[in-house]
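Please look through the structure with the points below at hand.

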Amino acid sequence: MASHRRPKQPSRARVTVLTTAAAAAVVMSSQAANAAPSEKPTKDEVKAKVDKLYEQAEQATEKYNGAKEKQEKLQKEISTIQDNVAKGQQELNELRDGLGSMASAQYRSGGIDPSVQLFLSADPDDYLDKASTLDQLSTQQVDSLKKIQEKQRELAQQRSEASEKLKDLSATRTELGKKKQEVQGKLASAQKLLNSLTAAEKAQLAQEESRATRASERDALNVNVPAGSGRAAAAFAAAQSKLGTPYVYGATGPSSFDCSGLTSWAYAQAGVGIPRTSEAQTGAGTKIYSVSQLKVGDLVFFFNDLHHVGLYAGNGQIIHAPRTGTVVRYESMNTIGGPFMFGVRV
């Protein structure tokens, strides 16, 4: 006879878990159905993000410029030291040859004095330390041996200095590579954001940029501010001649510029050498903290870390190379995006 077993009832705990899971699934499904699709950032939001990325890229660019300048300086210093070492080694060889000639003469006249054999050894320093033997040498021989000592010490010091500078150069090259990657990364991120805009939105941004440039140019034409020195006026004229030239990070002209590249190039055309980077250019002259005291051609610096520089154009305007995607242009100091810190009269 078949047995009829009563079906096993699920435990109360299991029922509770299943009920809770089902309820959660219903809630999540409802939320998903009612959730609004992710909103595409507006043109203005994209522009704000892009401007911030460009600012960060310019900060990295000035650090890149500093590392590049240091690399070039180290390479020149190392080359000079290596040339000096080569010349010093030749002088040392000539001194040793002269000492050898004296020894040969002594040999022909009846044999080499034991003291001469000592100073012809590989370690003349050790010989000179033996002061008791100096009276066995002629004055000429003593002078020659001392010159050899001095030249050996000099060469050892120069080789040590070159070695340290080579280490510094290697570290600088590593830093340069990192800063270059940082700049390129910021620019790539900005370009990706710009690519997300529609053609119409891109056209609107271009029109806004163009209107701002034209407005600044109109204001700059009404300048009635005394020019600076002849050098400042010449530098300003040089910068004016490059209006419309594209911004390229790390560029120093004449076909493209970054901000400090433009100012250093402009002053070079006036026959004045100023440092390469914006931060270093702050030490190129007298600081001026009041906008009302600025003259045409003065350097003007922006942002707390001084990563942007231009040339004062009068009437609250500057000529500068703003950022990637722009050209050398006039612009109001109020629209730079960072605070005016001070000017410098070169």
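1. Which residues of helix α7 (residues 230-240) are buried? They are Ala232, Ala235, Phe236, Ala238 and Ala239, where buried means under 20% relative accessible area, exposed over 50% and partly exposed in between, with a 1.4 Å probe and protein chains only. These residues lie on the same side of α7 because they cover an arc of only 160° around the axis, the arc being that of the directions from the helix axis to the C-beta atoms. Helices (H or I, at least four residues) and strands (E, at least two) are DSSP runs, numbered from the N terminus.

2. Before going further, please note that this is a predicted model, in which local features need pLDDT of at least 70 and side-chain atom pairs count only at pLDDT 80 or more, while totals for chains, interfaces and linings use all residues. Residues are numbered from 1 along each chain as its sequence is written, and side-chain values use heavy atoms, with hydrogens and water left out.

3. The cover over the buried residues of α7 includes α8 (259-269), β3 (308-314), β4 (317-320) and β5, contact meaning heavy atoms within 4.5 Å.

4. The largest nonpolar core has 29 residues, of which Leu262, Ala266, Tyr267, Leu299, Phe301 and Ile319 touch the most other members; such a core is a set of buried Ala, Val, Leu, Ile, Met, Phe, Trp, Tyr and Cys residues joined through side-chain atoms within 4.5 Å. At least two residues of this core come from each of α7, α8, β2 (299-302), β3 and β6 (340-345). A second, separate core of 12 residues includes Val50, Ala60, Leu187 and Leu197.

5. The largest pocket is lined by 21 residues, with Arg323, Arg329, Glu331, Thr335 and Ile336 nearest its centre. On a 1 Å grid over the protein atoms alone, a pocket is an open set of points where a 1.4 Å probe fits, with protein on both sides within 12 Å along at least five of seven lines, and lining residues have an atom within 4 Å of a point.

6. The second largest pocket is lined by 17 residues, of which Leu205, Glu209, Arg323, Gly325 and Thr326 lie nearest its centre. Helix α6 gives the largest share of this lining, 5 residues, and α2, α5 (139-195) and α6 each supply at least two.
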